[in-house]
Amino acid sequence: MKNWREQLNPAPDAHTNAWRIFSGEGFRWGGIWIDHFDGRWLVQTDRDHFPEAFREAVPELATSLYWKKRDKAVKGTPQWIAGEVQAGPFEIVENSVRYRIDFSSGYSQGIFLDQRENRRRLLERVRPGERVLNCFAYTCAFSVAMAKAGGIVTSLDLSAPYLDWGKENLRANGIDPAGHFFCKGDAFEWLETFHRQERRFNGVVIDPPTFSRNQKGRVFRAEKDYAGLVALACGVLEEDGWLLCTGNTHHQPARDFEAAVREGVRRGRRILNHLESHPMPPEYGRESYLKTVWVRVV
Ligand SMILES: C[S@@+](CC[C@H](N)C(=O)[O-])C[C@H]1O[C@@H](n2cnc3c(N)ncnc32)[C@H](O)[C@@H]1O
C-alpha cells in the first residue's frame, strides 16, 4: 500500500467538498473505500481492522480519520482513529448545495455520495414550480436538490426522524420546509393513495432500498420488483412527466434494470418517449452496483 497517495481521486469540481476519495480492492489490506467529508475521512474496510498505512493522512490530507467495517448487518457508528474528534453534525457542500452529515448516525452518515450526479441532474432539470415527488427520501437529499431548482417537493419515507433531518437540510440552504410536503409511511401505499386522490406530479424520483418489508408484510426486492414500483409511479405522473429510476441492484446487469423500467412504464399504461441510462460517478471506477435510468413518458 506504498502508493495509495497516487490513487486518491481529486475533488470532482470546485463546488463540492465531499466525494469518494479512494477505493481499492484486492490489496493486501482487502477492500478499502474512503469518503472525504470536507476534510474528514471515513474509511470503510471489509477487514476487521483499520488499514494503518492511512493513519499518516492526518494532518496533511485529512483533518480527522474515522473507520468502520463495511457490513450491511451492522449499523454501527464509525470509530475515531486520529485527528480532530467530530463532536456533532456538520455540513458538507456538493454542487453548491449544503447537506448535514452525522457520523454518529448508524445507518448512513446522511448522504449517499454515489448519487452526486443524480442530484446534479435534478438541480439542472427540475423547472421552477414543477410538482415533484421523492419516494424513499431518507434525509431528502434529492428533495433539497429539487427544491433548490425551484420544485415544490413531496418527500416520502417510513422514518419521521429522517424526514426531520430532511427539513434541516432544506433550512441549511435557506429553504423553508413549510413550502414543501413530507409524508411519513410506506411509499407503495402513498403512491396508491395519491393515484386514488388524483394527486399528480411532473416528476418522480424512485430510489428504493434493495429490500423492504412494510408493517403489513409487503416485501419489495429491488432486483425483482422494480417494474411494479415504476408502474405505481406512472400512476401519479402528469401526462408528460419524467421519472428518475435509480437503486442499488448489485447483481443486476444495467440492461436488465433498463428492461425493468421499460416493463414498468408498459404496465403503468404509459408510452415511453425518452430513456437515458447513466453510469456511476467517475471516481467509482469499474463499480456498477448503482443503476440510473431517466425516462420521459406520455
Ligand atoms: C436507499 S435509502 C434511500 C436513499 C435516498 N433516496 C437518498 O438518496 O438519500 C432507503 C430509505 O428508504 C426508506 N424506506 C425503506 N422502505 C420504505 C418504504 N416501504 N416506504 C418508504 N420509505 C422506505 C428508509 O427509511 C430509508 O430512509
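The exercises below work through local features of a predicted model.

**Exercise 1. Determine how strand β16 is paired and how far it is covered.**

Step 1. Strand β16 covers residues 290-297. Strand β14 (residues 237-248) is joined to β16 by eight bridges, and the two run antiparallel. Within this pairing, T292 of β16 has T246 opposite.

Step 2. Strand β15 (residues 272-278) is also antiparallel to β16, with six bridges between them. Here V293 in β16 is the bridge partner of S277.

Step 3. Of the eight residues of β16, seven are buried, so the strand is mostly covered under the criterion of 20 or more other C-beta atoms within 10 Å.

**Exercise 2. Describe the hairpin made by β6 and β7.**

Step 1. Strand β6 spans residues 90-94 and strand β7 residues 97-101; five bridges pair them in the antiparallel sense.

**Exercise 3. Which residues of helix α6 are buried, and how are they arranged around its axis?**

Step 1. Helix α6 has 14 residues, 254-267. The distance from its first C-alpha to its last is 20 Å, close to the 20 Å expected at 1.5 Å a residue.

Step 2. F257, A260, V261, G264 and V265 are the buried residues of α6. Viewed down the helix axis, they fall within an arc of 135°, so they line one face of α6.

Step 3. The cover over these buried residues includes α5 (222-234), β14, β15 and β16.

Step 4. P253 counts as exposed because it has 11 C-beta neighbours inside 10 Å, and the limit for exposed is 12 or fewer. The C-alpha atom of P253 is separated by 8.5 Å from that of S288, 35 residues apart along the chain.

**Exercise 4. Is Y226 buried or exposed, and what does it touch?**

Step 1. Y226 is in helix α5. It has 26 C-beta neighbours inside 10 Å and therefore counts as buried.

Step 2. Leaving out residues up to four places away in sequence, Y226 touches G247, A260 and G264. A260 and G264 are among the buried residues of α6.

Step 3. Y226 and P208 are 18 residues apart along the chain, and their C-alpha atoms are separated by 8.7 Å.

**Exercise 5. Check the span of helix α3 and list what its buried residues pack against.**

Step 1. Helix α3 (residues 160-172) has 13 residues, which should span 18 Å at 1.5 Å a residue. The end C-alpha atoms of α3 are 18 Å apart, so the span agrees.

Step 2. Its buried residues are Y162, L163, W165, G166, K167, N169 and L170. They pack against β7, α2, β9 and β10 (181-184).

Step 3. Just after α3, G174 takes a positive phi of about 70°.

**Exercise 6. Characterise the shell around the ligand.**

Step 1. There are 20 residues around the ligand, and those that come nearest are F136, Y138, A187, D207 and S212.

Step 2. The elements giving two or more residues to this shell are α2 (141-148), β9 (152-157) and α4 (187-196).

Step 3. Sorted by class, the shell has 12 nonpolar, five polar and three charged residues.

**Exercise 7. Examine the backbone at F136, E198 and P59.**

Step 1. The background is that most residues other than glycine have a negative phi, and most peptide bonds are trans.

Step 2. F136, not a glycine, has a positive phi of about 55°. F136 is in the loop between β8 (131-135) and α2, and is buried because 21 other C-beta atoms lie within 10 Å.

Step 3. E198 also has a positive phi, near 60°. E198 is in the loop between α4 and β11 (201-206), and is exposed because 7 other C-beta atoms lie within 10 Å.

Step 4. V58 and P59 are joined by a cis peptide bond with omega of about 5°. P59 lies in the loop between β3 (40-45) and β4 (64-69).

Technical notes. Residues numbered from 1 in each chain as written. Predicted model: local features only at pLDDT ≥ 70, side-chain atom pairs only at ≥ 80, totals over all residues. Helix = DSSP H or I, 4+ residues; strand = E, 2+ residues; numbered from the N terminus. Pairing = 2+ DSSP bridges. Expected span 1.5 Å × (residues − 1). Arc of directions from axis to C-beta. Contact = placed C-beta atoms within 7 Å. Near = placed C-beta within 6 Å. Nonpolar A, V, L, I, M, F, W, Y, C, P; charged D, E, K, R; others polar.
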